[in-house]
Amino acid sequence: MSTDHIPAPPPEFAQTRVVDVFPLHGFTCAHTSNDDGTAHWWHLFTAAGRSLGATNRPELLGSLIQQTR
C-alpha cells in the first residue's frame with residue numbers, strides 16, 4: 001500500500017526540542033518534541049542529510065525506510 005497520495009498533516013505543536021538523535025538501519029533519526037513534551041515527532045534523514053519524512057507515530061519509521069529502498 002502506497003501512502004504517496006496522502007499528505008502529511010502539519011504538526012499541531014511547534015517542535016522546539018531535540019530529544020534524541022540516533023542511527024536507524026543506515027539512516028539518521030531525530031526525535032523532537034514541543035517545550036512541554038506533549039507532542040513528539042520522529043524525523044528520518046539519509047546519510048547525506050536529506051529529509052525522508054517525519055511521523056508522530058514511531059512505529060511507522062519502518063514504513064518510511066521501506067519506501068526509500
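**Ser33 and its surroundings**

Mentor: Start with Ser33: apart from neighbours within four places in sequence, Ser33 is in contact with Ala14, Gln15, Thr16, Arg17, Val19, Ala39 and His40. Keep in mind that this is a predicted model.

Trainee: Is Ser33 buried or exposed?

Mentor: Ser33 is buried, because its relative accessibility is 0% and the cut-off for buried is under 20%.

Trainee: Which strand is Ser33 in?

Mentor: Ser33 sits in strand E2. The bridge partner of Ser33 in E3 is His40, and His40 is also among the contacts of Ser33.

Trainee: OK, zoom out. How many helices and strands does the protein have?

Mentor: The protein has one helix and four strands. In sequence order the pattern is β-β-β-β-α.

Trainee: In what order do the strands form the sheet?

Mentor: The order is E1-E2-E3-E4, in an open sheet with antiparallel pairing. Strand E1 (17-24) and strand E4 (51-55) are the edges, each pairing on one side only. From one strand to the next, the twist averages 20 degrees.

Trainee: What holds strands of a sheet together in general?

Mentor: Strands pair through backbone hydrogen bonds, in a parallel or an antiparallel way.

Trainee: Back to E2 and E3, then. How many bridges do they pair over?

Mentor: Six bridges, in the antiparallel sense, between E2 (residues 27-33) and E3 (residues 40-45). One of the bridge pairs joins Cys29 to Leu44 in E3. E2 and E3 form a hairpin with six residues between them, and Gly37 in that turn has a positive phi of about 75 degrees.

Trainee: And how many bridges for E3 and E4?

Mentor: Four bridges, with E3 and E4 antiparallel. Phe45 has Ser51 as its bridge partner in E4, while Leu44 has Gly53.

Trainee: Which glycine in the E3 and E4 turn has a positive phi?

Mentor: Gly49, at about 95 degrees; that hairpin has five residues between E3 and E4.

Trainee: Where does the helix lie?

Mentor: Helix H1 (residues 61-68) lies across E1, E2, E3 and E4, and runs at about 155 degrees to E4.

Trainee: Which residues make up the largest nonpolar core?

Mentor: There are nine: Leu24, Phe27, Cys29, Trp42, Leu44, Leu52, Leu61, Leu64 and Ile65. E2, E3 and H1 are the elements that give two or more residues to this core. H1 gives the most, with three residues.

Trainee: Changing topic: how many salt bridges does a search of the whole structure find?

Mentor: One. The side chains of Glu59 and Arg57 form it, at 2.9 Å from N to O.

Trainee: Last one, some totals. What share of the residues counts as buried?

Mentor: 28% of the 69 residues. The accessible surface comes to about 4900 Å², and 57% of that belongs to carbon and sulfur atoms. Among contacts with a separation of 6 or more, 17% are between residues 24 or more positions apart.

How values were computed. Residues are numbered from 1 along each chain as its sequence is written. This is a predicted model: local features need pLDDT of at least 70, side-chain atom pairs count only at pLDDT 80 or more; totals for chains, interfaces and linings use all residues. Side-chain values use heavy atoms; hydrogens and water are left out. A salt bridge is a side-chain nitrogen of Lys or Arg within 4 Å of a carboxyl oxygen of Asp or Glu. Two strands pair if DSSP finds at least two bridges between them. Axes are lines fitted to C-alpha atoms, for helices over the stretch in contact, and angles run from 0 to 180 degrees between N-to-C directions. Contact means heavy atoms within 4.5 Å. Buried means under 20% relative accessible area, exposed over 50%, partly exposed in between (1.4 Å probe, protein chains only). Accessible areas come from the Shrake-Rupley method with a 1.4 Å probe; for residues, only the protein chains shown count as cover. A nonpolar core is a set of buried Ala, Val, Leu, Ile, Met, Phe, Trp, Tyr and Cys residues joined through side-chain atoms within 4.5 Å.
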